[in-house]
Amino acid sequence: MSGDLHCPLCGRSRTGAFCRDRRREYLRCGDCGLVFVPPLYYLSSSEEKAEYDLHRNAVDDPGYRGFLSRLAAPLLARIPAAARGLDFGCGPGPALAAMLEEAGHQVALYDVFYRPDTAVLQRSYQFITATEVVEHLHRPGAVVEQLWVLLEPGGYLGIMTKLVQNAGAFARWHYKNDPTHVCFFSELSWQWWAGQHAAVLERIGADVILLRKAQ
């Protein structure tokens, strides 16, 4: 596989080999730092959904809520009262939306497989969340751009995804072994994206990124 594929985040072609395992090849963009698999490794929509159907993330599961609180807590500390939000990629059990609604906010839901209501993608929001979503996207640049357009000035885009550290750690990383995970962000990727959009970037803990839109 040549390293001349265009990066699905920034669209540039300065990509090269980063890692290979027994199942897939991984490329890295020399501009934005995104690590991604070539399209030949993508699952079909039915195969992808079959993988997601194996997940058991109930709305009232305390362990799952604890996991999501890594994003919910810092977001709740920053958004205004009774804010309007969108939980993008909410899955079959939208626990994060339930947590935010319990805190007094309004949350619309979208998921390409479980809540495919595209009408919610025509509105504006004061916050948007995407937890464990961006690593599944075939076109992350276009999708994150779409979400950014929906965000009102001063609003927050909250992302939860594991971040690439280096090639050695990546080779041993269990996160890359999920066949539905096709792109892997680093902190550099989000710094690049924030710079392109005049966004204020905060990294919170190991896997939470908050991007604030300028007023």
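Author: Let's begin with a term: contact means heavy atoms within 4.5 Å. Helices (H or I, at least four residues) and strands (E, at least two) are DSSP runs, numbered from the N terminus. This is a predicted model, in which local features need pLDDT of at least 70 and side-chain atom pairs count only at pLDDT 80 or more, while totals for chains, interfaces and linings use all residues. Residues are numbered from 1 along each chain as its sequence is written, and side-chain values use heavy atoms, with hydrogens and water left out.

The part I have picked is helix H4, residues 140-150. Buried means under 20% relative accessible area, exposed over 50%, and partly exposed in between, with a 1.4 Å probe and protein chains only. By that rule H4 has Pro-140, Gly-141, Val-143, Val-144, Leu-147, Trp-148 and Leu-150 buried. These buried residues pack against strand E4 (84-88), E6, E7, E8, H6 and E10.

E4, E6, E7 and E10 belong to an open sheet of six strands, ordered E5-E4-E6-E7-E10-E9 with mixed pairing. Two strands pair if DSSP finds at least two bridges between them. At the edges of this sheet sit strand E5 (106-110) and strand E9 (200-204), each pairing on one side only. On average, neighbouring strands are turned by 20 degrees against each other, direction ignored. Within the sheet, strand E6 (residues 125-131) and strand E7 (residues 151-160) run parallel and are joined by six bridges. Tyr-125 stands opposite Leu-151 of E7.

H2 lies across E6, E7, E9 and strand E10 (208-212), and runs at about 160 degrees to E7. Axes here are lines fitted to C-alpha atoms, for helices over the stretch in contact, and angles run from 0 to 180 degrees between N-to-C directions. Helix H2 holds Pro-74, which counts as buried at 12% relative accessibility. Beyond its neighbours within four places in sequence, Pro-74 is in contact with Ser-69, Ile-204 and Leu-210. Pro-74 and Val-208 are 134 residues apart along the chain, and their C-alpha atoms are separated by 9.3 Å.

H2 also has a helix partner. The axes of helix H2 (residues 62-76) and helix H3 (residues 95-102) come within 10 Å and cross at roughly 50 degrees. The residues making this contact include Leu-68, Leu-71 and Leu-75 of H2, with Leu-96, Met-99 and Leu-100 among those of H3. By class, this contact has eleven nonpolar, one polar and two charged residues. Ala, Val, Leu, Ile, Met, Phe, Trp, Tyr, Cys and Pro count as nonpolar, Asp, Glu, Lys and Arg as charged, and the others, Gly among them, as polar.

Now back to the partners of H4, which also include E8 and H6. Strand E8 (183-184) is an edge strand, as is E1, in an open sheet of four strands ordered E1-E2-E3-E8 with antiparallel pairing. Two bridges join E3 to E8, and these strands run antiparallel; the bridge partner of Val-35 in E8 is Phe-184. Strand E3 (residues 35-36) is in turn joined to E2 by two bridges, again antiparallel, with Leu-27 of E2 partnered by Phe-36. The hairpin of E2 and E3 has five residues between the strands, and there Gly-33 takes a positive phi near 80 degrees.

Four of its five residues (25-29) are buried, so E2 is largely enclosed by the rest of the structure. Strand E1 (residues 15-20) runs antiparallel to E2 and is joined to it by five bridges. Arg-20 stands opposite Glu-25 in E2, and a hairpin connects E1 to E2 through four residues.

Our last stop is helix H6 (residues 187-196), where Trp-192 lies. Trp-192 has a relative accessible area of 16% and is therefore buried. Apart from its neighbours within four places in sequence, Trp-192 is in contact with Leu-9, Cys-10, Arg-12, Asp-31 and Cys-32. From C-alpha to C-alpha, Trp-192 and Leu-151 are 19 Å apart in space and 41 residues apart in sequence.
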